[in-house]
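This report looks at charged and nonpolar side chains in one protein structure. Please keep the sequence and the model at hand while reading.

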Amino acid sequence: MLRCRDDKCTSAAVVDKINIFRPDRVFMFLVEIHYKIAAASHYRHKCHRLAGIEVLISVLGQRVAVLSTSNYLFNLIGPLIGCPALQDQCCRILSALLLSFKKNLSADITRLLGEQIQFLVSKLVACCIPSKTKESCDSTTSQALSLLHMLTVDSDPSMYEYIKELEPFPELKIFEEIRNFHEELCHTYSIRDHILNFVKKSCYLPPRLLLSSLQALHKKLLIGETFQREGRAEGYFKDRYWHGDHEIVNAVWTLVHMCGSDDASDVRELVSDFLSRVGAGDPYCVVFHLPGKNSHILPRKSIGNSSTVDISSNIDAHISEELLVVLMKLLMKYLMDDSVKIVDMASQTLRGILLTERGQSALRSFDSYQRSLIEVHSKGVNIELVENFLADLDRKSKVEAISLEKSTVWVTDGKSFAMWICPLVYSLIVYCNDVILRLCQDMVFFKAEVAELLLPSILVNIAARKDLDIDLHKLISLQLKEHIFRESNKLIKSIQVILNCLNELRVCHVMALSSRVPSRRETSKNSRPSNYSSKGRSTPAKARESAVVSSASAKTQTLWEKVSSHLPCIFAVVYWFSIDYLLVAKSAISCGSYFTSVMYVEHWCEEQFKSMTIGGPDFSDNEMLPDHIQILVSAVTRINEPDSLYGILQSHKLTSQIITFEHEGNWGKALEYYDLQVQSGVSLQKDGNSRSLSLEQTGVPNSSSFALEVHEIKQSRPYKGLIRSLQQIGCTHVLDMYCQGLTSRKEDLRHDREFAELQYESAWRAGNWDFSLPCVGASFPPTQNIKYDHFNENLHSCLRALQEGDLGDFLRKLRDSKQELVWSVSDASEESTEYIYLTIIKLQAVTQSFQSGSYSVTVETVVSVDYGSTMLGSYSSPCVHGLTSCVKE
């Protein structure tokens, strides 16, 4: 029944005495409306569905201010404002929400509106700006402008902190009052404060809100720098490149590591400008760390690199509460996803997790705002409903089964990271006996972020099981050997993820060995016992039974008994899998995990030589170095540690001499030896910039196409080494003629990406803007997350476009280059400090070219800039000395 709650109210609403309009029911209703709006093919159909939302808001009255309801409404209505045919309805709905907020203002509502305000304001401003391509509508403009006033000038003072972060308003007459109000608020709000405040709340923002807020921050940065150059903003930046501000450095790197997903291309372009201003860090560090921090730098990566379970839960192979909290925050972010399917799936997953005691315990660690958004999906602990959830998932997994025995699940060729990891984790998770992991079955198939987060815990859980009919240990080991740890695997991130999983298994091994003294601490009552399982895949039939067993066993079973029972299964081998350590070590080199590679070589040496030694000197006539020596050389020449190489190389072979000369920077001698090698036809076993194993030594099946590819790569390495030596010496014209002759003589080099990059680098250094290789890359189709370096090609194209005055091509290549460089840094191993710093310097180089383009200077001025001295200051470490020469003209 519609009626007023009191005589003074101006609006009517349904008095819900029997609690029909519970927040969880309203959420489910909005999900159904969202499905229908998404399915509508014409804007008239969408208008019809939005009319239902208007009625719902009228019926709910003040109950629409419930955080879960209003949050979903903003998520649903916000993206539709950009459609001219729907703007009137969207504005009316937003107006009703804002009026409701004004009557029920609280700290949580202010925070909710603060997260949404940048996106909403940007959409409303676009509605008010006249355009030649759209018809002007006075009513829509008036409504949008009225909403802008409600969000800014007429807002509560508690919103001012969020209003400061809005991007500057256009200099149009209709925005004059709002613009003046905004400028007055921002007068004392520095870019530093803006960055720090933004990063604090950015970790779990959905992509739409993250992008709009970051665009505002980026625009403010550029405007501030423009004012500074013109002398109108004295003291706007105390340090132009922010080297000395540890808080800013940490904040910017937090943004960098949000750029690793496939759909973050727009974010990467914006973050690149912040990273280029931070610059390279301490050149003397061996492992990359942020200033003031001793732990890993990434929130995303630290989750995986740290132990995901404590001792008690580790022995039981269940995820920890810390990891569960991170998982629930990700699911909370997905409740605001653009796809209604993801929203629905995240809601169901949260509902299942919150039916468990572990879920309820994790919920208590959330603040009031987060708890208000999530607890609407909670119905309390209910084992029976958990069983029903798991039964449905089990039936679904049998219908949509993805066999682990199929190589298509493991192969990485032609796949992005998400395309590879999601089906793989989905096929593995059905063998887990942990309830939380099983409840995430659907999410891991659609969200690579969740799949990557849970994969280490999934493998630990599988390794702990003794009752599986299928020998997953043998199956996974074989698939990893054939598809992941092989030279043809160019999906670098797949190697990094598996290395992280192996490290998690190693942590379990070390913790088990260190737990020989029995502990009196009982395991958590929320943990499931190891007998919660069935033969083969997990089924929900024993959920209630295992809860009872867990309670009883916790009182009688000591920690040492658990260790003893699990030790033969999990910890018989350090990494559980039966894989050649040298194979893993070589793959670790390819993804920049140099210290990890050394650790695996140490394991191999202990097995081979029964002690920590690399073996005796090599006096054979074979020019190739032993496998483990090659790997160690590849690692120590990249970790800013100059002396270890001399203890590893125990021969005077041609190969060893070239490695030593390159390491010492003696490029004249390296050139002589490479020339000898080319003349004699001897092929050095080097990877990328250095060394690699031969095909026979990798243990990879002898595929004819793969063997041919590896053979061609080996044959081309002496030529590339010769080219690098000529570059370092400065023989530009000799190098140009040599490359031309080499390209005409060797057909396979025409499609070699590394060779092409060397030629493009020589071309832009020499100012040869007519140089081009139209056929390069024809045999290497672009694939996401593959470490193909296009920096020199893009830089050459940028400078050529700048020379020719082609602004469109200049900006396009500049954008592509910046996105690629930030992506490579975001996914780089923390062990590859030199690579990270070199990539940052490259980013600064392309940023400098953009600034030069803005100043309309000549190309000769751009390429004459001493990037090394400009970006690195007075650094003189061996690590940076090599980096400077790469971009120094």
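A residue is called buried when its relative accessible area is under 20%, exposed when it is over 50%, and partly exposed in between (1.4 Å probe, protein chains only). Leu172, at 32% relative accessibility, is therefore partly exposed. The model is predicted, so local features need pLDDT of at least 70 and side-chain atom pairs count only at pLDDT 80 or more, while totals for chains, interfaces and linings use all residues. Residues are numbered from 1 along each chain as its sequence is written, and side-chain values use heavy atoms, with hydrogens and water left out.

**Surface patches**

Leu172 sits in the loop between helix 7 (160-163) and helix 8 (176-186). Helices here are DSSP runs (H or I, at least four residues), numbered from the N terminus. Together with Ile129 and Ile174, Leu172 forms a nonpolar surface patch with about 200 Å² of accessible area. Patches are made of residues with over 30% relative accessible area and no salt bridge; like charges are joined within 9 Å, and nonpolar side chains (Val, Leu, Ile, Met, Phe, Trp, Tyr) within 5 Å. Accessible areas come from the Shrake-Rupley method with a 1.4 Å probe.

Glu606 belongs to helix 30 (residues 594-609) and is partly exposed, with a relative accessible area of 38%. Lys610 lies in the loop between helix 30 and helix 31 (627-636). Lys610 is exposed, at a relative accessible area of 70%, and has a positive phi of about 60° although it is not a glycine.

**Salt bridges**

Side chains of opposite charge can pair when their charged atoms come close. A salt bridge is counted when a side-chain nitrogen of Lys or Arg is within 4 Å of a carboxyl oxygen of Asp or Glu. The whole structure has 25 salt bridges. The table lists some of them.

| Pair | N to O distance |
|---|---|
| Lys219 and Glu167 | 3.3 Å |
| Arg192 and Glu247 | 2.4 Å |
| Glu754 and Arg724 | 3.4 Å |

Lys219 is partly exposed at 36% relative accessible area, and Glu167 is partly exposed at 23%.

Arg192 and Glu247 form a salt bridge. Arg192 is in helix 9 (residues 191-200) and Glu247 in helix 11 (residues 246-256), so this pair ties together parts that are 55 residues apart in sequence. Arg192 has a relative accessible area of 29% and is partly exposed; Glu247, at 47%, is also partly exposed. A network of salt bridges links Arg192, Asp245 and Glu247.

Glu754 and Arg724 form another salt bridge. Because Glu754 lies in helix 38 (residues 753-766) and Arg724 in helix 36 (residues 704-729), the pair ties together parts 30 residues apart in sequence. Is Arg724 buried or exposed? Arg724 is buried, with a relative accessible area of 12%, whereas Glu754 is partly exposed at 28%.

Definitions and conventions. Helix = DSSP H or I, 4+ residues; strand = E, 2+ residues; numbered from the N terminus.
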